[in-house]
Amino acid sequence: MPKLSVVVTCHNVQEYLPATLRSLARNATDDIEFIFVDDHSTDATADILGRARDALPHSRVVRHAANGGISRARNTGIDAAEGEHLAFLDGDDWYAPGYLTRLLDAAERLDVDFLRTDHVQATGRERLVVRAPAPRRDVPLDPLDGINPANAKTMVDYPFVWAGIYRRRIFDDGLRFEPALRTAEDRVFGWQLHLRARSFAAVGLFGVFYRRGVGSSLTQIKDERQLDFLPAHDLILAEVAARPDAERFLPKIVRTYCAMIAFHAENASGYEPEAARRLRREATEALRGMPPELLDPVLTAMGDERGRVLRRLAGRTTRKAAV
């Protein structure tokens with residue numbers, strides 16, 4: 001059994017896939033298997049993967065008969081994986097040489113359910129190191145302690161699934177990506193990790209490179225798929241509310257949800273008209289469904305501009321005093 005399974009999801013990435021494959025070859029060892037999930041690509045991706053399967057040791061290709069989205073593709077990879085640990089990579093991103101060995105060594109040394117890393121954001125020729133907002137590094141931590149405080153960026157606000165490694169046990173316990181979500185699936189997954197896992201850690205590895213500005217990326221597409229952040233945060237809110245310690249985490253998820261609504265509302269002019277109308281309608285429903293005792297302090301704390309956007313959507317004409 002391999003120590004690590006790397007699930008590489010691919011959909012129409014022919015332009016970037018050769019560089020990704022070269023980076024995987026520079027990370028290949030007998031302890032690592034590579035599982036490529038081709039989510040019904042219509043370009044040359046399938047042909048490139050067919051050649052890679054023969055050239056890259058311990059690699060397999062699974063093809064979807066229809067495009068199902070990244071959540072379904074990752075779930076297919078999880079089900080096919082045989083490793084003691086799993087990691088994820090998008091088909092247009094890449095690893096530094098030897099990165100996976102260092103990542104696996106850190107996971108085994110710290111012996112936690114999941115390990116998060118820093119990453120390098122690549123925009124054209126520019127490189128920017130993005131650090132995971134962990135309270136401490138290189139020590140095992142309680143995942144619940146990576147959620148709060150509500151008014152600061154914490155580990156649940158670091159939604160980059162590929163910046164980490166995950167023990168197989170958490171998937172054997174039933175954790176999967178939400179298949180109905182075409183975007184924001186990583187935010188649900190991150191919250192569920194922190195709510196359900198037993199231990200985690202963060203380390204300062206910079207070996208995973210995230211390519212920004214890819215035209216085919218869903219982050220660049222302004223249609224209704226962007227609105228999946230609404231049902232995604234509804235799922236998180238429901239799971240938090242069902243917990244016996246819900247009061248501890250509800251302020252955080254309400255504030256996070258409101259911040260996402262404000263961000264999308266501020267950028268609604270760039271959306272397709274029907275998507276923009278649906279955004280306003282469903283955001284209003286979400287805000288009006290939140291408990292006032294949790295929502296009112298958030299509306300006050302958001303500041304003048306975002307607070308004004310949220311109050312308008314929520315039908316609040318006056319600014320509430322902080323509670």
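Is D118 buried or exposed, and what is its relative accessibility? In this predicted model, D118 has a relative accessibility of 0% and therefore counts as buried, since the cut-off for that class is under 20%. The side chain of D118 meets that of R137 in a salt bridge, with an N to O distance of 2.8 Å. This pair links distant parts of the chain, 19 residues apart, with D118 placed in the loop between β6 and β7 (119-123) and R137 in the loop between β8 and β9. R137, at a relative accessible area of 21%, is partly exposed.

The structure holds 26 salt bridges, among them one between the side chains of D113 and R167, at 3.5 Å from N to O. Because D113 lies in the loop between α4 (99-110) and β6 (114-117) while R167 belongs to strand β9, the pair ties together parts that are 54 residues apart in sequence. D113 is buried at 2% relative accessibility, whereas R167 is partly exposed, with a relative accessible area of 22%. Through salt bridges that share partners, D113 and R167 are joined with D111, R169 and D173 into one network.

A further salt bridge is formed by the side chains of R182 and E224, with an N to O distance of 4.0 Å. Both residues are partly exposed, R182 with a relative accessible area of 31% and E224 with one of 40%.

D157, located in the loop between β8 (126-130) and β9 (164-167), is buried at a relative accessible area of 16%. The side chain of D157 makes a polar contact of 2.7 Å with the side chain of K252, and, neighbours within four places in sequence being left aside, D157 is in contact with A152, K252 and T256.

Methods. Residues are numbered from 1 along each chain as its sequence is written. This is a predicted model: local features need pLDDT of at least 70, side-chain atom pairs count only at pLDDT 80 or more; totals for chains, interfaces and linings use all residues. Side-chain values use heavy atoms; hydrogens and water are left out. Helices (H or I, at least four residues) and strands (E, at least two) are DSSP runs, numbered from the N terminus. Buried means under 20% relative accessible area, exposed over 50%, partly exposed in between (1.4 Å probe, protein chains only). A polar contact is a pair of N or O atoms within 3.5 Å; within protein, one must be able to donate a hydrogen and the other to accept it, and residues adjacent in sequence count only if both atoms are side-chain atoms. Contact means heavy atoms within 4.5 Å.
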